[in-house]
Amino acid sequence: MSADTIRIAILGTGSMAAAHARAFQGIEGVEVVAGIDLHADRLNAFCKTHNIDKAFSDLGEALAWGQFDAIANVTPDQAHHSTTLKALAAGKHVFCEKPLATNHADALEMAAAAEKAGLIGMVNLSYRNVNAVQKAREMVLGGEIGAVRHVEASYLQSWLSSAYWGDWRTEDRWLWRLSTRHGSNGVLGDVGIHILDFASFGVGSEIADADCRMKAFAKADNDRIGEYHLDANDSFVMAVTFENGALGTIHASRWASGYSDDLSLRIFGSKGGLEVSYGGKDINGQRIARLRACTGDDLLTHQWREVPLGPVPTNYKLFVQAIREGRTIEPSFRHAAHLQQFLSQEPERLAQSA
């Protein structure tokens, strides 16, 4: 291992941790040197699968050892705040899974801690990796559609109306997502941050204000299945204003029959429009990204044309780049904290429907 090698420890070794291990191990000059998890069997299996030498059952022990530069925080949402603050206090950069925290105040504290320590704090808002939305942002910021006026964005899943991913009525891995008592903030807390980031990133402007309506639909007798009280929201509709003055609607649902896991973004400007879609699968099982544009003379005939797309760097690569360059690259803790205020279901921010 050379002096220039970036050493990563992965905190939390559940299913998502495998993606982190593969991604970081695939970057030249990066080594995953440790796994950290309270569950010994899961930890040991993870380290064996990914050829990781060190295994720690306690974050404090790993930090005392300290032979790494950064932590990939893949713990459950409610653990992000405390574990990230400990890592930052120990001088470690942090790449955190979404959402950054479970409330706005905690997210702000995490952003401030990273900035005060002069450390890199980035969040794995994974749909930043979609080349279509990156190209759309480039076109917006380049003035190709003029001033942005109106935006529509959606994140559509259908696992409540079909068994595409399994039977939510009998499987705990789905039932907990429907119960606030089991830590769920519903579809708003689960995928809301993805679609809010997808929209604001593509538009090239932060969200300035939002009004939200949510609903948990009846799904079982007395809204219960076993120990699970099914009270977490299934759908939300949000009206937003962007800092650039554009008006938008953003919505998501688990009842979107016919859609598996699809994101879309339409951006309308004074000189043209863009349409981003990410969903469905090609013959190799890969999700399909598309960008269409209507600009210039095409506005007269409403002609939409496909925009060519190329490869883009992933968040994992951007995090490593940020460490090497000593500067935070988006998506940052500060940006994620800004979005968190629209996701926390705090009374002063969000109005909930019955």
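Leaving out residues up to four places away in sequence, His93 touches Asp69, Ala70, Ile71, Leu119, Ile120, Phe319 and Ile323. This comes from a predicted model, in which His93 is found in strand 5 and, with a relative accessibility of 15%, counts as buried because the cut-off for that class is under 20%.

**Helix 9 and its surroundings**

- After helix 9 comes Gly326, which has a positive phi near 70°.

**The pairing of helix 1 with helix 9**

- The axes of helix 1 (residues 15–25) and helix 9 (residues 315–325) come within 9 Å of each other and cross at roughly 55°, which means that helix 1 is oblique to helix 9.
- The crossing of helix 1 with helix 9 is right-handed.
- From helix 1, the residues Met16, Ala19, His20, Ala23 and Phe24 meet Tyr316, Phe319 and Val320 of helix 9; sorted by class, this contact has 7 nonpolar residues, 1 polar residue and no charged ones.

**Nonpolar cores**

- The largest nonpolar core has 72 residues, and those with the most contacts inside it are Leu196, Phe236, Met238, Ile250 and Phe333; helix 8 (residues 186–203) gives the most to this core, with 10 residues.
- Phe236, when neighbours within four places in sequence are left aside, is in contact with Val187, Leu188, Gly192, Ile195, Leu196, Cys212, Arg213, Met214, Ile250, His251 and Ala252.
- Apart from this core lies another, of 26 residues, including Ile6, Ile10, Ile27 and Ile329.
- As general background, nonpolar side chains in soluble globular proteins tend to be buried together.

**Asn233, a buried loop residue**

- Asn233 has its place in the loop between strand 10 (228–229) and strand 11 (235–242), and its relative accessibility of 3% is the reason why Asn233 counts as buried.
- Between Asn233 and Arg213 there are 20 residues of separation in sequence and 9.7 Å in space, taken from C-alpha to C-alpha; Arg213 is also one of the residues in contact with Phe236.

How values were computed:
Residues numbered from 1 in each chain as written. Predicted model: local features only at pLDDT ≥ 70, side-chain atom pairs only at ≥ 80, totals over all residues. Heavy atoms only, no water. Axes fitted to C-alpha atoms, helices over the stretch in contact; angles between N-to-C directions. Helix = DSSP H or I, 4+ residues; strand = E, 2+ residues; numbered from the N terminus. Parallel < 35°, antiparallel > 145°, perpendicular 65-115°, else oblique. Left-handed = near helix turned anticlockwise from the far one by under 90°. Contact = heavy atoms within 4.5 Å. Nonpolar A, V, L, I, M, F, W, Y, C, P; charged D, E, K, R; others polar. Core = buried A, V, L, I, M, F, W, Y, C linked by side-chain atoms within 4.5 Å. Buried < 20%, exposed > 50% of the residue type's maximum accessible area, 1.4 Å probe, protein only.
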